[in-house]
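Reader: I am new to this structure and would like to understand the words used for it. Could you show it to me and let me ask about them?

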Amino acid sequence: MMVLLFGPPGVGKGTQANLLSARYKSTKFSIGDMLRDEVASKSELGTKIAQYLNNGALVPDDIISAFARQFIEKHKADDILLDGFPRNMNQAQNLISDLNRLSLSLKVAIEMHLNETEIIKRLISRRYCPQCNKIYNYVTNPPRQKQVCDICKTTLIKRSDDNEKLIRKRLAVYEKETQPLVGFYKAHCIYERAEATGSQEEVFKKLSNIIDAYTN
Ligand code: AMP
């Protein structure tokens, strides 16, 4: 089964994608993590991608859809959880035609929603582990030891795009390019919306309930 999580930056997609993929033993496609890994590798492609990440802009569709196509082909026998992809209509259409070609389909798209003030508050205090990609929040979900990942003990870092100017830009890109995909999902799969307020556990429960309703 293929499940897609979308929502504005800071809504908690990455955290929930980690929890959900562990719970449902699904293979997670987190394109943001892949892009940051490519940048960290200092490859030619990574240098190109960095220009977009550092501006809060979307990376070109041909690069994104190539990552997605390769991933889905490799994991076509698995349950897949899509996190952060597609982000615009062109990517969504590419996804559906790739799935059709492989006789796969998208089961459910879940939109996570949160108000802008809360999003900005969450993103300013977000840190992540560059090694295992676990996400922390210094206010609501701090690591046991200051600035150190609980799991792999790597020093936590702040994402370079988690500053107020770029957060506002990323939110504007989301409103213009990604949120309007709701109509597309309603036409192609099951669409559900979940309020992402409350603790990680509470949000996880809401999302799991939605997924459980469509499995079996
Ligand atoms: P995220 O980790 O999901 O917050 O994504 C971080 C950044 O990666 C975004 O601001 C974009 O620059 C880029 N990015 C992530 N997903 C996509 C996508 N599907 N299409 C284009 N750019 C993306």
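This is a predicted model: local features need pLDDT of at least 70, side-chain atom pairs count only at pLDDT 80 or more; totals for chains, interfaces and linings use all residues.

**Around the ligand**

Reader: Which residues are closest to the ligand, and how many surround it?

Author: There are 15 surrounding residues, and the closest are Arg 36, Ala 57, Val 59, Gln 91 and Arg 159. Helix 2 (residues 31-40) gives the largest share of the shell, 4 residues. By class, the shell holds 7 nonpolar, 3 polar and 5 charged residues.

Reader: Why does Arg count as charged and Val as nonpolar?

Author: Because the classes go by residue type: Arg is listed with Asp, Glu and Lys as charged, while Val is in the nonpolar list.

**The sheet and its helices**

Reader: What is the strand order of the open sheet?

Author: The 5 strands follow the order 2-3-1-4-7, with parallel pairing. Strand 2 (27-30) and strand 7 (190-195) are the edge strands, each pairing on one side only. From one strand to the next, the twist averages 20°.

Reader: How do you know that strand 4 and strand 7 pair?

Author: Pairing needs at least two bridges. Strand 4 (residues 108-113) and strand 7 have 6 bridges, in the parallel sense, so they are a pair. As one example, Glu 111 has Arg 193 in strand 7 as its bridge partner.

Reader: Which strands does helix 9 lie across?

Author: Helix 9 (residues 200-214) lies across strand 1, strand 4 and strand 7, at about 160° to strand 4. Helix 4 (residues 61-74) lies across strand 1 (2-6), strand 2 and strand 3 (80-83), at about 175° to strand 2.

**Two backbone details**

Reader: Where is the cis peptide bond?

Author: It joins Phe 85 and Pro 86, with omega about -5°. Pro 86 is in the loop between strand 3 and helix 5 (89-101).

Reader: What is the phi of Asn 133?

Author: Phi is positive there, about 70°, although Asn 133 is not a glycine. Asn 133 sits in the loop between strand 5 (126-128) and strand 6 (135-137).

Methods. Residues are numbered from 1 along each chain as its sequence is written. Side-chain values use heavy atoms; hydrogens and water are left out. Helices (H or I, at least four residues) and strands (E, at least two) are DSSP runs, numbered from the N terminus. Axes are lines fitted to C-alpha atoms, for helices over the stretch in contact, and angles run from 0 to 180 degrees between N-to-C directions. Contact means heavy atoms within 4.5 Å. A residue is near a molecule or strand if one of its heavy atoms lies within 4 Å of it.
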